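Hi everyone, thanks for having me. Let me put the model up, and then I'll walk you through a few parts of it.

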Amino acid sequence: MPNTIQIPTPLRPFTDKKEAVEVNGATVGELLADLTKRYDGLRRHLYADDGRLRNFVNIYLNDEDIRYLQREQTPVKPGDTLSIVPSVAGGAPTVAEELPTLTQEEIKRYSRHLIMPELGVDMQRRLKASSVLCIGAGGLGSPAAMYLAAAGIGRMGIVDFDVVDYSNLQRQIIHTTNDVGVPKLESARNKIAAMNPHVEVVGYETALSSENALELFRDYDVILDGTDNFPTRYLVNDACVLTGKPNAYGSIFRFEGQASVFGTKEGPCYRCLYPEPPPPGLVPSCAEGGVLGVLPGIIGVIQATEAIKVILGIGEPLIGRFLIYDALKMRFRELKLRKDPDCPVCGTHPTVTTLIDYEQFCGIRPEPAAAQTGAAVNDWEITPVELKRRLDAGDDLFILDVREPNEYQINRIPGSTLIPLGELPRRYQELPKGKEIIAQCKMGGRSAKAQDFLKSVGITNVKNLRGGILEWIDKVDPSQPKY
Ligand SMILES: [Zn+2]
């Protein structure tokens, strides 16, 4: 009887879109070897150059992390299932001794809480005395903030410096069409005020940073991580551990979501699960990969639920448990998480004792100053303005679009050739020999990955289009639609 390996969405381009692959072997290592034998393109996603499993890829045998079994030597039984869980780019807090009273209007408003034996008046007063800080008023922050406000959390902090865009409206339900162009903070504040004027909304129109995170977090009981990028995710995690605040975590990608509660004294943190981030570009963001509009509704509301449970000290929060939701299958799976004694932040001998430079930690290349001028900035990338100039001058360039066909339908650079990133390992021979290649995607992440791959097979005359087609549209061809 063969074993099954569950393939997560970001890696399915390398398994002919298969969600699960049947493999044979007697140990975890043998099963993975069988998998990469069949799908060679997966190898570099799972293993580093030295042959070791990459540490942002976690492998579970049934519901156990193999790091706590015998790692790759762990024996498997017939029918066991392996899950590959890559990272994808949201203790009861102190309650004021004197709880605030409820007004008559509030008693009416919260009556469906008040008649529940598990909640009642005192628990509602506890919610009123509590505070939650939402990092971001986007896909996850929208439903989370709305439900938390409706439920009667006394003080809602929101950190966001973005402005509402049309492309947000498919899922960020706190914002409406009339809010396009308005700061998200203002839009969120108006909606919450209309829904529940008893909630104090504190807005921080700023980027969360290593400079401000600790001070901001200290004023709140629970932090709700609604971020969409790795530097902020690690920053939120570390700041939660350092300030002792629980982190209601959530993340979303396409049809899949994850949720957990990190940063409590007894439980693990995000770094116990993923000590290091994936290299930039390896895991696409929602802006690159898309997300089903209803998905953040589900995950954001799970985060809000966990925040309320942690505040009230009721039920079993998702501490030490990692919830994975698959909207297409309509299935929840749960993995056990353990606190890693060697965790660099929450372990017994932490090495991270203060906030660090998270952009650098996540390997994000700083934007060169020259980038603003539209001139070529270095020898591995090209700006849209420079590309246009060279095309106009008649330079013989091959523009390689590595997005998916459905994205290519929306917009494209004239004359470009589509080879999706996942197909590149078996189709790169189609590239013309000797011609200079300009790799391009939506924003520059996937094409940087394509550039790295091509380099690994000896094709080095490749430049990455900085900012992808979005910057091309901004700087060169505004007639095309953006997505
Ligand atoms: Zn930890």
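Okay, let's start with how the pieces touch: 4 residues of domain 1 are in contact with 4 residues of domain 3. Contact here is when the C-beta atoms of two residues, placed from the backbone, lie within 7 Å. On the domain 1 side that touches domain 3, we get 2 nonpolar residues, 1 polar and 1 charged. For those classes, Ala, Val, Leu, Ile, Met, Phe, Trp, Tyr, Cys and Pro count as nonpolar, Asp, Glu, Lys and Arg as charged, and the others, Gly among them, as polar.

Before I go on, this is a predicted model: local features need pLDDT of at least 70, side-chain atom pairs count only at pLDDT 80 or more, and totals for chains, interfaces and linings use all residues. Residues are numbered from 1 along each chain as its sequence is written.

So where are the domains? The chain is split into domain 1 (3-86), domain 2 (130-361) and domain 3 (369-475), with bounds from an automatic or database domain assignment. Taken over C-alpha atoms, the centres of domain 1 and domain 3 are 31 Å apart.

Now the strands and helices. These are DSSP runs numbered from the N terminus: helices are H or I with at least four residues, strands are E with at least two. Two strands pair if DSSP finds at least two bridges between them.

Strand 1 (residues 3-6) runs parallel to strand 5 (residues 81-86), with 3 bridges, and I5 sits opposite L82 in strand 5. Axes, by the way, are lines fitted to C-alpha atoms, for helices over the stretch in contact, and angles run from 0 to 180 degrees between N-to-C directions.

Another open sheet of 5 strands goes 14-18-17-15-16, and there the pairing is parallel. Strand 14 (381-382) and strand 16 (417-418) are the edges, each pairing on one side only. Strand 14 joins strand 18 (residues 462-465) in the parallel sense over 2 bridges, and E381 faces N464 in strand 18.

For an antiparallel example, look at strand 12 (residues 321-326) and strand 13 (residues 331-336), joined by 6 bridges. D326 has R331 in strand 13 as its bridge partner. This hairpin has 4 residues between the strands, and M330 takes a positive phi near 50°.

Last stop, helix 6. How do the axes of helix 6 and helix 12 cross? Helix 6 (residues 141-151) and helix 12 (residues 295-312) have axes that come within 7 Å and cross at roughly 40°. That makes helix 6 oblique to helix 12; under 35 degrees counts as roughly parallel, over 145 as roughly antiparallel, 65 to 115 as roughly perpendicular, and the rest as oblique. Their contact has 10 nonpolar, 5 polar and no charged residues.

Helix 6 also packs on helix 7 (residues 184-195), at an angle of about 30° with the axes 9 Å apart. That makes helix 6 roughly parallel to helix 7. Here the contact has 7 nonpolar residues, no polar and 1 charged. In it, A145, M146, A149 and A150 of helix 6 meet A188, K191, I192 and M195 of helix 7.

That's my tour, thanks!
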